[in-house]
Amino acid sequence: MAVVLRRGLFALHHALRQGSSSVCHPALPAALLGACRTKKTWSVSFPQEELKKRLTPMQYHVTQERGTESAFTGEFTHHEDEGTYSCVVCGAPLFSSNSKFDSGSGWPSFFDLVKEGSITQSDDFSYGMHRVETTCSQCGAHLGHLFDDGPKPTGKRYCINSASLAFQPKHVASSTSSSEAEGGAASSSVSDGKTEL
């Protein structure tokens with residue numbers, strides 16, 4: 001173990017001396033790095049200067065620096081309105097209020113995603129323990145962690161920082177959908193190859 005640790009620290013030192021933009025070096029054990037990822041792999045990206053202006057300091061800290069808000073302090077911890085929770089950085093829909101539940105953890109918890117693939121999972125070995133980090137699949141914003149102690153039917157608990165979420169109430173989402181349907185029904189039936197009866 002000491003040899004692996006020594007090699008990992010040497011590789012980290014070498015990578016930092018070389019001015020590498022990514023600390024994710026293949027010779028480093030994952031346990032030394034926490035979660036290993038790079039912002040260059042996401043389909044949507046924003047300049048850091050823009051994000052610092054657009055997001056609150058807490059939103060920036062959580063989504064860009066993998067921070068965590070204090071338990072029971074987040075805006076959506078006890079939020080019960082119907083609607084959709086989306087990524088605060090890029091707006092991608094992530095969770096429905098239908099899958100939100102009170103886990104007693106102090107953070108908003110969900111047992112399912114709006115759609116499969118909306119969140120990317122990666123191993124996180126920070127703080128000397130193994131967890132599964134959740135990030136937005138579109139922009140890579142840190143959201144929180146996934147645990148296997150949630151309710152049925154999934155048994156999953158997506159423990160998410162309020163600061164990483166934006167909320168769109170159901171009545172706003174449905175009025176947007178109905179106005180799109182009124183003005184764009186013909187174009188949508190043509191674009192998806194289906195005809196509406």
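In this predicted model, strand β1 and strand β9, the latter made of residues 165-169, pair in the antiparallel sense over five bridges. Within that pairing, serine 86 stands opposite alanine 166 in β9.

Strand β1, which covers residues 83-87, also pairs in the antiparallel sense with strand β2, residues 93-96, and here the pairing runs over three bridges. The two pairings of β1 can be set out side by side, as follows.

| Pair of strands | Sense | Bridges | Residues that stand opposite each other |
|---|---|---|---|
| β1 and β9 | antiparallel | five bridges | serine 86 and alanine 166 |
| β1 and β2 | antiparallel | three bridges | tyrosine 85 and phenylalanine 95 |

β1 and β2 form a hairpin with five residues between them, and glycine 91, which lies in the turn, has a positive phi of about 85 degrees. How much of β1 is buried? The strand is mostly covered, since four of its five residues are buried.

Another feature to look at is the second largest pocket, whose volume is about 260 Å³. Its lining is made up of 17 residues, and those that lie nearest the centre of the pocket are Thr68, Arg131, His142, His145 and Asn161.

Which strand gives the most to the lining of the second largest pocket? That strand is β7, with four residues. Both β7, residues 142-147, and β8, residues 157-160, supply at least two residues each to the lining of this pocket.

Notes
Residues are numbered from 1 along each chain as its sequence is written. This is a predicted model: local features need pLDDT of at least 70, side-chain atom pairs count only at pLDDT 80 or more; totals for chains, interfaces and linings use all residues. Side-chain values use heavy atoms; hydrogens and water are left out. On a 1 Å grid over the protein atoms alone, a cavity is a set of points where a 1.4 Å probe fits but cannot get out, and a pocket is an open set with protein on both sides within 12 Å along at least five of seven lines; lining residues have an atom within 4 Å of a point. Grid points are joined across faces, edges and corners, and a volume is the space filled by probe spheres set on the points. Two strands pair if DSSP finds at least two bridges between them. Buried means under 20% relative accessible area, exposed over 50%, partly exposed in between (1.4 Å probe, protein chains only).
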